[in-house]
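Colleague: I have a model open on my screen and would like to learn how to read it. Could you walk me through some of its features?

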Amino acid sequence: MQRKHLITAAAAVLVTAGCATVSMVTPAQLDEQALALHREAFREQGIAKLDRIEQDLGQKACSSPNPPPDAVVQQIEAQALASVKWPTGGVYLGDWREGEKLAQNGRGMTWTDATADTKANGAQCYNCHQIDQKEISFGTIGPSLYNYGKLRGVKDVTDPAAAPIVQYTWAKLWNSKAYSACSNMPRFGHAKLLSEQQIRDVMALLLDPKSPVNQ
Amino acid sequence: MKFIPLLAATAALLACGAVVSQTKTASDGIAEYRKMLEDGNPAELFEAKGEDLWKTARGPKKASLQACNLGLGPGVVKGAFVQLPRWFADTGRVQDLESRLLTCMETLQGFNAAEIAKTGFDKGEQATLTALSAWISSESRGMKMALPQAHAEERRFYELGKRAFFFRGGPMDFSCASCHGEDGKRIRLQDLPNLTKNPGDGLGFAAWPAYRVSSGEMWSMQRRLNDCYRQQRFPYPGYASDLTIALGVYMGVNAQGAQSIAPALKR
């Protein structure tokens, strides 16, 4: 609303001044022009449709070198936490071996992938995180997750004392923005990148005391 | 066929590197590989082809590109690359190397620029553009990036490019800045240049076009950006679209003073 007023006001200035010099382009106008450039530039290809450049609240607010205002951060995080679907039957952990395979797999969701089905997707973890120490090819965009469960004192995932960290980890994987509005991490559950079972398997890789991550 | 031994050499070198020392990164391996090749970058084959294509009478008008103005005057190639993208008065647009070449191919040679822009990479006249880009960039090798920002449109495109760089979208919420917004980050073992500032000589914008060892292909800057968007899980960006040109202005101006090594040799 406010932005529209700004544009109208700026346009009026341009018209009265009678010369549309670029030095008079306002930041809000540049924002609009940049959006228009995106709409002009992209075409759909395979599974990558044009809805992918329609931004939601968080994507829009986090498209700047500066963080959004506190009130917006709180709104994004509250919405994200509310979006979390908790695991059916309260079963949080699957098989860490499957989790490791998913963590290694960086595929899925590009215009060269045949389907957006979760079965075709990896969890992308090693792209950005250290996890099992045996894997030396890991990225550094996210923090190291080596000894993730052990460092947090998880000896038995069914112990009520472990519940807060187990639930936090589930929510982080389902919708990373619940705890950090502009997190670089994808929203694996919320964006339908991984199924509930796939998230269980990644959970096991991180939290199962038997997982190599926690040795 | 020729490049298979090169690929094997890299693989062997990288494998060997991993055995010798686990702390040695893939980029060290690539740096060593580059040193081994030194005067043997396969990009040279594309440079030679590009120079021929520039000088050969082609297209419906059977003309060469020797009268093409890349910003420093008709036919001036040396030094043109490190000042692109820039404003062109004749088209009234900010253009990068490849969109400018499309203009010249249309006006001088009679090709249909829109048709070429729609053609897939490496096919038809797109292969011509790749070779031309390789040669033209090589004519500025060792020079410092020096994009002009005197024209208001060049400054506006910088601002638009900055917004494009930070634009988050797609199913994974990625922007260019997700990977290229901080110093010292990696995806797996691949070092990521911070493109919000000058990442240093021969890094980021000052390295493309480049010959990619992993795919055995010569990639122009437009193709590099195209694959970045693919990995961002975005839809398909138009070739030489204003969005991609604006990104070039943003990265190129940020890299001001960085020495160009294009066409470089890449993983």
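Modeller: Let us go through the chains, their contacts and a few backbone details in turn. Please keep in mind that this is a predicted model.

Colleague: Happy to. How many helices and strands does chain A have?

Modeller: Chain A has nine helices and one strand. Along the sequence, the pattern reads α-α-β-α-α-α-α-α-α-α. As for burial, 35% of the 215 residues of chain A count as buried.

Colleague: And what can I learn from sequence separation in the contacts of chain A?

Modeller: Begin with contacts between residues at least 6 apart in sequence; in chain A, 57% of these join residues at least 24 apart.

Colleague: Now a helix pair. At roughly what angle do the axes of helix 8 and helix 9 of chain A cross?

Modeller: Look at residues 163–174 for helix 8 of chain A and residues 196–207 for helix 9 of chain A: their axes come within 10 Å and cross at roughly 130 degrees. Angles from 65 to 115 degrees would be roughly perpendicular and those over 145 roughly antiparallel, so helix 8 of chain A is oblique to helix 9 of chain A. The crossing of these two helices is right-handed.

Colleague: Which residues make that contact?

Modeller: Helix 8 of chain A brings A:V166, A:T169, A:W170, A:L173 and A:W174, while helix 9 of chain A brings A:I199, A:V202, A:M203, A:L206 and A:L207. Sorted by type, the residues of this contact are nine nonpolar, one polar and no charged.

Colleague: Let us turn to the interface. How many residues of chain A are in contact with chain B?

Modeller: There are 44 residues of chain A in contact with 38 residues of chain B. On the chain A side, helix 2 (27–41), strand 1 (42–43) and helix 6 (125–128) each supply at least two residues. Helix 2 of chain A gives the largest share, eight residues. By type, the side of chain A that touches chain B has 21 nonpolar, 16 polar and seven charged residues.

Colleague: In which sense do strand 1 of chain A and strand 7 of chain B pair?

Modeller: The sense is antiparallel, and the pairing of strand 1 of chain A with strand 7 (residues 236–237) of chain B runs over two bridges. To find the spot on screen, look for A:R43, which stands opposite B:Y236 in strand 7 of chain B.

Colleague: Next, peptide bonds. Is the one from B:W208 to B:P209 cis or trans?

Modeller: That bond is cis, with omega near 10 degrees. B:P209 sits in the loop between strand 4 (190–192) and strand 5 (210–212) of chain B. Another cis peptide bond joins B:L84 and B:P85, with omega about 0 degrees. You will find B:P85 in the loop between helix 3 (43–55) and strand 1 (86–88) of chain B.

Colleague: Why does B:R233 count as buried?

Modeller: The cut-off for buried is 20 or more other C-beta atoms within 10 Å. B:R233 has 24 such neighbours, so it counts as buried. A:K192 has 14 other C-beta atoms within 10 Å, so A:K192 is partly exposed.

Key: Residues numbered from 1 in each chain as written. Chains lettered and ligands numbered in written order. Predicted model: local features only at pLDDT ≥ 70, side-chain atom pairs only at ≥ 80, totals over all residues. Axes fitted to C-alpha atoms, helices over the stretch in contact; angles between N-to-C directions. Helix = DSSP H or I, 4+ residues; strand = E, 2+ residues; numbered from the N terminus. Parallel < 35°, antiparallel > 145°, perpendicular 65-115°, else oblique. Left-handed = near helix turned anticlockwise from the far one by under 90°. Contact = placed C-beta atoms within 7 Å. Nonpolar A, V, L, I, M, F, W, Y, C, P; charged D, E, K, R; others polar. Pairing = 2+ DSSP bridges. Buried ≥ 20, exposed ≤ 12 C-beta atoms within 10 Å, placed from the backbone.
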